Amino acid sequence: MNTIIPEVLPSSIPIPEFVVTSFSYTLYFLHLVLNRVPGGHYVTSYLSKSTHDDPYRTAVEIGLILYGIYYYLSKPQQRKGLQSNRPNLTPAEIDNLIDEWEPEPITDAAETRDFWRLAKIPVVIGSGANNYINFTRDNDKERFENVFNLTSMNFLQLSKKDEVVQVAKQTIKNYGVGACGPAGFYGNQDVHNNLEYNLAKFFNTEGAVLYGQDFCVSPSVIPAFTKRGDVIIADNQVSLSLQNALQLSRSTVYYFEHNDMEHLDAMLTEINESEKRENLPAIPRKFIVTEGIFHNSGDIAPLPDLVRLKLKHKFRLFVDETLSLGVLGKTGRGLTEHFNMDRASSVDITVGSMAVALGSSGGFALGDKVMSNHQHIGSNAYCFSACLPAYTTTAVSKVLEIMDNDNSAVSKLQRLSKLLFDKFNKNEKIKNFFEIISDENSPILHLKLNDQFRSNVFGYTQELLYDTMVQLQKKSVTNKYFEPSEMEEKFLQDIVDDTLKTWNVLITRNIIIAKHETLPIVPSLKICCNSEMTEEELTKACDNIVESMVSLCSTQA
């Protein structure tokens, strides 16, 4: 035994005697065992050399091996012990437990504080496409007739034209009311392909892809082109649809201050410099994401600056033009026409809706042929959702034909949009309480309480709301709630109700579901116009709205 010790433990290293003895015995028995195993002499040779060079390391390795063997052998005993602790139930007792079990509800019941919201939702009686409508609220407890409607986003009203209605009727006779299948499984028909061609031609792109629901376009298109490691920088006031898309993208997402091009430029520079420092093995895809007309404010993205920055920093540009296609530009071709730019060379991917200005249903994506073809196999909503009914596609094709031949509806809408903006922007009484956050070219006017009035009446500022909601998000609170903001929404609803009951004019709040939003949004009033209104009707309605706003705000001041 003593002859082994000097071979494996060099005398030059000071080691306690008990360590030397224990280690020597361990090695001795390992030598005996391994020498009887085929190939074991290789292991003993390694142990001898490694122990001579670094005995402490060898001791740690042997200890870990022994612990691993012990842990592996002890697991069956642990499982056996767990099995023995389980109750021994009879089949009858198991059946009784199953009968008594009640699953958790799939959705939470509406909370008491949300009841007032449900009670204020209008339910239209008959056609909602007209400017004067009949509707009920609060389970038919309230009934209103011949109300001037300033909430519809069917901006051009072209789908009401007789030639469009006749095309839709004829399509139903020829094609039925829907194939009830995805595009790749008998859902697409010739009229769907025709509309994709018409959309691409009208908006000057190489290709277009149809989707059954406009809300699902962005959450399907963006994830189709992004993966982990890619980079997206988005405006911090994008809509809920785009917020969902960014969550599904799997990419690293940054936000720049709303329409602040200096901040965007600085962030793009920092992202590119960080990428160079990290020396990534593969270049990530990089996108700038914004909207044409913003859902939550009604203002317009500065496209020329965005294009300049995307070219400077080598990013791609994704624009959601749900509210701007059919609205902006001399002929309604959207944000690019508004700024006299070519869509094909300035915007990489455009998404839009056919349920707004085009007056039908569904949505679409515009881009080059490669982008379009990829969506046919890589976009979830395209591959797995049912196609649009044929009559909705032929109606849109007819609307595009009308717009191509006659832009009078677009021109009138733009005149009314500026009239709507001016009626509130030039009113000094309004400025004491509200500020307009929309662009003059937007047919949707957003008015939010100014900071001073909000602070005096409801005791909070926009910055406090942002900070509170961000903290709730960090804590993963699923039912986000901020009492002062709730009180402000109720106050805005009082203005909506007073306008309705006093003047028979319907406006609305910007509907916000706080627990769904990932970006804090300040409550606002929302007023819409369309090309079927007259200037006299709109002017009178605006004057009435102003009276209600000033009257109720004055009582709170």
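**A sheet and its surroundings**

Guide: Ile233 has Ile288 of strand 7 standing opposite. The model is predicted, so local features require pLDDT of at least 70 and side-chain atom pairs pLDDT 80 or more, while totals for chains, interfaces and linings use all residues. Residues are numbered from 1 along each chain as its sequence is written, and side-chain values use heavy atoms, without hydrogens and water.

Strand 5 (residues 231-235) pairs with strand 7 (residues 286-291) in the parallel sense, over four bridges. Strands are DSSP runs of E with at least two residues, helices runs of H or I with at least four, both numbered from the N terminus; pairing requires at least two DSSP bridges. The open sheet comprises seven strands in the order 4-10-9-8-7-5-6, with mixed pairing. Strand 4 (207-211) and strand 6 (252-256) are at the edges with a single partner strand each, so one side of each lacks a neighbour in the sheet. On average, neighbouring strands are turned by 20 degrees against each other, direction ignored.

Helix 10 (residues 217-225) lies across several strands, among them strand 9 (349-353), to which it runs at about 160 degrees. Helix 13 (residues 303-313) also packs on the sheet, touching strand 7 and strand 8, and makes about 150 degrees with the direction of strand 8. Axes are lines fitted to C-alpha atoms, for helices over the stretch in contact, and angles run from 0 to 180 degrees between N-to-C directions; contact means heavy atoms within 4.5 Å.
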